[in-house]
Amino acid sequence: MAIELLTIGTELLLGFTVDSNAAEIGRALSGAGIRVTRKASVGDTGDAILAGVQEALGRTGAVLCTGGLGPTADDITKKVVADLYGWPLEFHDAIWQHLLERFARFGRKPAEKNRSQAEVPRGAVVLPNRWGTAPGLWFEGPPGLVILLPGVPSEMRGLLHHEVLPRLASRAGNTVIRSRALRTTGVPESTLAERITGIEEIVAPLSLAYLPGVMGVDLRLTAWNLPADEADQRLARGIGEIRARAAEWIYGEDDADLAAVVLDQARRRGWKIATAESCTGGGLGERLTNIPGSSDVFLGGVVAYDNAVKEGLLDVPPALFAEHGAVSEPVAAAMVRGITRRLRAELGISVTGIAGPGGGTPDKPVGLVYIGTAVKGTVTVTRSLFVGDRGEIRARAAQVALNRLRLAVEMGAGPAT
């Protein structure tokens, strides 16, 4: 089955709201074997909504829309689609009572405008909304299939998984659309592509997509319209083929987080981690503490922007600043030695650099970062030059720092105990 997505809302076109709904819907539908062939966004005008729906129906005969089901004047999606089908709106007392009860639970009373959310086109199937106030709607008739869901992400998600997917599953047949991804870091997209040249022919009929980002390049394999068992077998073989060619850059699969990988490495060995940060400003600590359960591994860290803090809390000798500057290999080494000694940690990471946009010199340009790693007293320092704005440089530095530690543990720590 093929379907199109239409996300409705002028705020999406203006860029004030990120369209997270389309990504959620695409993943969910693909997982159910339903192919999303096109996605579009339109503003809150009747002409734009009608054109978007009609064009989608003309191509696939099915469209799923989000947005425009609220009680305000710009929420006109339901009326536009009802007019397309020629179905008049009728007030449903049961929906209104549900809405009253929901408002009462929060100690509120609905406004008169909320009554419009209890109006339903005569021929539409109501999709009960247990997560909010606006029910979803299922239109099926001569124009085709139109599914309307609220734009509020939590409400959309609940209706999608509990009301829409069960209804669509029977139409998807016995095939699936299934993906697996390998996550890489520390390698440019072009270098990665060169290393796995010819892999597309080997893994066919699977498709391979390169997904570059600030944190690295994801390689996503997708099986299209295959029986579930065959899809899983082909994906497993394809993942194995890629791993055989690019293993040194791969740190995980699908939604793997590099910080979680490093924490698991340390946990298996009974080791603790400490961080000393300058230009990343606590970004490393944030990455590590974003992982549930990190407290049994991550001891803590020091954000040392001022040289006096580096001296006082990390024991960096003052002479190093005079001779080499704060952004230098000797200072990065001293920072990681100081934090691991102070916190009695087996593993340490330090970062010192120039995130910009100012502060660079010909010898030390913006984007220059030194990263120190310590594994059981063995210290190494690497020099990197990152591109991007301040946020991107800081994010890349944190990612590379975690990867340096991952590699250092894998290569130099010996067997896990």
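User: Where does P357 sit?
Analyst: P357 is placed in the loop between the strands β15 (347-353) and β16 (368-375), where strands are DSSP runs of E with at least two residues and helices are runs of H or I with at least four, both numbered from the N terminus. A cis peptide bond joins G356 and P357, with omega at about 5 degrees.

User: And what joins A204 and P205?
Analyst: A cis peptide bond with omega of about 10 degrees joins them, and P205 lies in the loop between α8 (199-203) and β10.

User: What should I keep in mind about the model and its numbering?
Analyst: This is a predicted model, in which local features need pLDDT of at least 70 and side-chain atom pairs count only at pLDDT 80 or more, while totals for chains, interfaces and linings use all residues. Residues are numbered from 1 along each chain as its sequence is written, and side-chain values use heavy atoms, with hydrogens and water left out.

User: OK, different topic: is E277 buried or exposed?
Analyst: E277, which belongs to strand β13 (residues 273-277), is buried, meaning under 20% relative accessible area, whereas exposed means over 50% and partly exposed lies in between (1.4 Å probe, protein chains only).

User: What is the nearest side chain of opposite charge?
Analyst: That is R394, 7.6 Å away, and E277 has no salt bridge, the term for a side-chain nitrogen of Lys or Arg within 4 Å of a carboxyl oxygen of Asp or Glu. Lys and Arg count as positive and Asp and Glu as negative, with His and the chain ends not counted.

User: Which side chain does E277 have a polar contact with?
Analyst: The side chain of T280, at 2.7 Å; a polar contact is a pair of N or O atoms within 3.5 Å, where within protein one must be able to donate a hydrogen and the other to accept it, and residues adjacent in sequence count only if both atoms are side-chain atoms.

User: Which non-glycine residues have a positive phi?
Analyst: Among them are N225, with phi near 50 degrees, and R344, with phi of about 55 degrees.
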